[in-house]
Structure formats: C-alpha cells, structure tokens
Amino acid sequence: MAVFPGAWVGLFSSDPAVLDSGTRYLRTVAPFYALLATGIALYFASQGAGRVLPPLLAGTVRLALVFAGGLAAVSLQGLFLVIAAAMIAYGALTIWFVAAAKWK
C-alpha cells in the first residue's frame, strides 16, 4: 500500500483531493501497519496466556499519543505522522512487554 498508494485509493474515489490525502496517508502510515498487526497479535496471545495488562497499557499509550498529538497537529500531514508514531509506540511497547514477561 505504501509503494503504490494511488492504486489503492483510486479504488474508492477519483476526486483529486481524496487521491492526494489518501496517497499521503498511505505513504506516511502504511509502512507501520506491520507493527500495529504485531501488537494486536501479541495482545491476543497475552490474553490467552492470562497476561493482558502490559499490552493493554501499550494500547493506552497509543490512544494517549493519538489524542494528544491529534489535538496538537496543525496539518493533515502532522496528523498522519502522529498516527504513525502511535503505531510505532504500540508495536514496540507490546513487543518489549511480551519479550520481557516471565512466562510459566
């Protein structure tokens, strides 16, 4: 999606403003979808292991970053950067929490 964003966005609209915004979003945020997916997968694995609090806290950090950064963002591109940073924080924290956990 990050490599050919126009191909994806073009499936939903032909409006130049939508194509521009969608392309910028995918170029900025899509490279970090893997971290979001990893965080979600590890959250569910932790839930199955009965150790859900640390990944839940990572999700709370993500929410706080998006909320605070969203309020502070002065442009649409700034908002995209905030979303990307929140995905990075969520994925990295969840990976760290799960790796540092004492598993039985």
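This is a predicted model: local features need pLDDT of at least 70, side-chain atom pairs count only at pLDDT 80 or more; totals for chains, interfaces and linings use all residues.

Colleague: What makes a pair of residues count as a contact here?

Modeller: Heavy atoms within 4.5 Å of each other make a contact. By that test, V82 touches L65, V66, G69 and G70, leaving aside residues up to four places away in sequence. V82 itself sits in helix α5.

Colleague: Why is V82 called buried?

Modeller: The label needs a relative accessible area under 20%. V82 has 16% relative accessibility, so it counts as buried.

Colleague: Which other residues of α2 are buried?

Modeller: Besides T23, the buried residues of α2 are G22, L26, T28 and V29. The buried residues of this helix pack against α1 (5-9), α3 and α5.

Colleague: What makes A37 partly exposed?

Modeller: Partly exposed covers the range between buried, under 20%, and exposed, over 50%. A37 has a relative accessible area of 45%, so it falls in that range. A37 belongs to helix α3, and its C-alpha atom is 9.3 Å from that of M87, 50 residues apart along the chain.

Colleague: Why is L56 called partly exposed?

Modeller: L56 has a relative accessible area of 42%, which lies between 20% and 50%, so the label is partly exposed. L56 is in helix α4. In sequence L56 and V98 are 42 residues apart, and in space their C-alpha atoms are 11 Å apart.

Colleague: How do you know that the span of α5 agrees with what its number of residues should give?

Modeller: Helix α5 covers residues 76-100, which is 25 residues, and at 1.5 Å a residue these should span 36 Å. The end C-alpha atoms are 36 Å apart, so the two values agree. Helix α2 passes the check as well: its 14 residues should span 20 Å, and its end C-alpha atoms are 20 Å apart.

Colleague: Which residues of α5 are buried, and what do they pack against?

Modeller: The buried residues of α5 are F80, V82, A84, A86, M87, A89, Y90, G91, T94 and V98. The buried residues of α5 pack against α2, α3 (33-48) and α4 (53-72).

Colleague: How do α3 and α5 pack, and what is the handedness of their crossing?

Modeller: The axes of α3 and α5 are 8 Å apart, and the two helices pack at an angle of about 40°. Their crossing is left-handed. On the α3 side, the contact is made by Y33, L35, L36, T38, G39, I40, L42, Y43 and S46. On the α5 side, the contributors are M87, I88, Y90, G91, A92, T94, I95 and V98.

Colleague: Now for the chain as a whole. How many helices and strands does it have?

Modeller: There are five helices and zero strands, and from the N terminus the order of elements is α-α-α-α-α.

Colleague: Why is the chain called more spread out than a compact globule?

Modeller: The globule rule gives 13 Å for 104 residues, whereas the radius of gyration of this chain is 16 Å. That is well over the rule's value, so the chain is more spread out than a compact globule. Along the principal axes, the C-alpha atoms fill a box of roughly 55 × 30 × 15 Å.

Conventions
Residues are numbered from 1 along each chain as its sequence is written. Side-chain values use heavy atoms; hydrogens and water are left out. Helices (H or I, at least four residues) and strands (E, at least two) are DSSP runs, numbered from the N terminus. The radius of gyration is taken over C-alpha atoms; the globule rule is 2.2 Å times the number of residues to the power 0.38. The expected span of a helix is 1.5 Å times one less than its number of residues. Buried means under 20% relative accessible area, exposed over 50%, partly exposed in between (1.4 Å probe, protein chains only). Axes are lines fitted to C-alpha atoms, for helices over the stretch in contact, and angles run from 0 to 180 degrees between N-to-C directions. A crossing is left-handed if the near helix is turned anticlockwise from the far one by less than a right angle, and right-handed if clockwise.
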